[in-house]
Amino acid sequence: MKAIWIVEITHPVGSVALSNAPEKQIVYSSLENFKTTKFNETPIMSPYQLAIIISNYKYTSGYSDSGTLVRVFAPSSQLNKTSHALQVAIKALNKFEIIFDINYPLSKLDLFPVTQFPASAMENWGLIIFEELSLLGKNLKSVEEVVIHEVAHQWFGNLVTMDWYADFWLNEGFATLYETDSENQILHDYYKSYAEHALESPIRYINTRNLWSKFTLQKDVTVYVKGSSVLNMLRKVIGTWRFRKGVRRYLKDNAYKSVNTQILKKYFADSMPENSPNIDDFLDPWLEQIGHPVVIVKHFNKTHNILSQQRFDNHKLDFYDQTFAKPKWNYTWYIPLWYKNDVKEKEQLIWLKPGELKLIEVTETTTIKNPLCRFDSTESNFKSLN
Ligand SMILES: [Zn+2]
């Protein structure tokens, strides 16, 4: 449920009050030594994004290309540590406005450090709260990742929000995808590789409250890392430009609304290449099942190998296995593979379908890739895979 929020804060004289929207007016309170700060209306937004802060911190500031005031707050003694986060936040706003083709809708964005915050940050619209070291710390790469991730949430999460925790991955998968992503090249051209253990969980969660607590331990790595990896795989299947077009339409059509995975898939359904499964058959097994596949490559003859798949059975977690057994797929996947038979050849997309034994031609230089799979080539002609 989203609403417009009108905030007024009465706070001690000498302190400064902040909230999601820019301040409109300061009036003196009837209480001695207090004043009241009144804020502009927020955009239509979810209640979990509402934030207020009262402090005596100072700030450094700058403007994005489209005129958003960006402020990074700190105690006076640490104000000299704010410049990196400020630059990164401004660059990220500029870049995301181009990629998503939607301007950041507020006239200000504040970044505020809090000691002993129980997460690295919280993306409240217009007033992002950071654990102190994630904003002002010496590890510049970690500051970059957290700041960019939280700025990405201003679109993925704040403008377009998941309608229930089952689809939490829509917020976190996208924010993580854009956090260190080569499509953006906000700062660096690197891609964060997935954490292996993250693949041992489903991305979407069962839609009941009492189960939710059991997933909290696993939720972070799964929704963040597996979510972004599946989105990255989808982007590779349909191509960067079509992916970007789908993302733009998804954000525009659903701005100030709530969404779920079904809605997201619609925006990519028409982009699946020829001879590919439809978007549901492709994505659902990756989103709903735990685990991930191993592609087994076996010698067939001098010129050909045979591919098949099975579930990678690293460490079975009974609770998850029982809860997420999906007889419909029985731990099989539509696996996109990027295949190249010769160094000069262009990489081509081939699919390994559930239950399929696929014959492929193999030369000395053949490569097959999919970062979300393992490969077992012990009985093949391959020297190395992946
Ligand atoms: Zn996040």
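This is a predicted model: local features need pLDDT of at least 70, side-chain atom pairs count only at pLDDT 80 or more; totals for chains, interfaces and linings use all residues.
The protein has 386 residues, and 37% of them count as buried. Its secondary structure comes to nine helices and 19 strands.

## The nonpolar core

The largest nonpolar core takes in 78 residues. If you want to find your way into it, look for Ala 89, Leu 93, Leu 111, Val 147 and Ala 152, the residues with the most contacts inside this core. Helix 1 (residues 83–100) gives the core its largest share, eight residues.

Ala 152 is worth a click. Not counting residues up to four places away in sequence, Ala 152 touches Phe 96, Phe 174, Ala 175, Tyr 178 and Glu 179.

## Helix 3 against helix 4

Helix 3 (residues 140–153) packs on helix 4 (residues 168–179) at an angle of about 130°, and their axes are 8 Å apart. That angle is why helix 3 counts as oblique to helix 4. The crossing of helix 3 past helix 4 is right-handed.

On the helix 3 side, the contact uses Glu 145, Ile 148, His 149, Ala 152 and His 153. Helix 4 brings Asn 171, Phe 174, Ala 175, Thr 176, Tyr 178 and Glu 179. Sorted by class, this contact between helix 3 and helix 4 has five nonpolar, four polar and two charged residues.

## Helix 6 against helix 7

Another pair to look at is helix 6 (residues 240–253) with helix 7 (residues 261–269), packed at an angle of about 140° with axes 9 Å apart. Helix 6 is therefore oblique to helix 7, and helix 6 passes helix 7 in a right-handed crossing.

Which residues make the contact between helix 6 and helix 7? Helix 6 supplies Gly 246, Arg 249 and Tyr 250, while helix 7 supplies Leu 264, Tyr 267 and Phe 268. By class, the contact of helix 6 with helix 7 splits into four nonpolar, one polar and one charged residue.

## A look at Lys 358

Lys 358 sits in strand 17 (residues 358–361). Is Lys 358 buried, exposed or partly exposed? Lys 358 counts as partly exposed because it has 17 C-beta neighbours inside 10 Å.

Setting aside neighbours within four places in sequence, Lys 358 is in contact with Ile 306, Leu 307 and Leu 352.

Terms used: Residues are numbered from 1 along each chain as its sequence is written. Axes are lines fitted to C-alpha atoms, for helices over the stretch in contact, and angles run from 0 to 180 degrees between N-to-C directions. Helices (H or I, at least four residues) and strands (E, at least two) are DSSP runs, numbered from the N terminus. Angles under 35 degrees count as roughly parallel, over 145 as roughly antiparallel, 65 to 115 as roughly perpendicular and the rest as oblique. A crossing is left-handed if the near helix is turned anticlockwise from the far one by less than a right angle, and right-handed if clockwise. Two residues are in contact if their C-beta atoms, placed from the backbone, lie within 7 Å. Ala, Val, Leu, Ile, Met, Phe, Trp, Tyr, Cys and Pro count as nonpolar, Asp, Glu, Lys and Arg as charged, and the others, Gly among them, as polar. A nonpolar core is a set of buried Ala, Val, Leu, Ile, Met, Phe, Trp, Tyr and Cys residues joined through C-beta atoms within 7 Å. A residue is buried if 20 or more other C-beta atoms lie within 10 Å of its own, exposed if 12 or fewer, and partly exposed in between; C-beta atoms are placed from the backbone.
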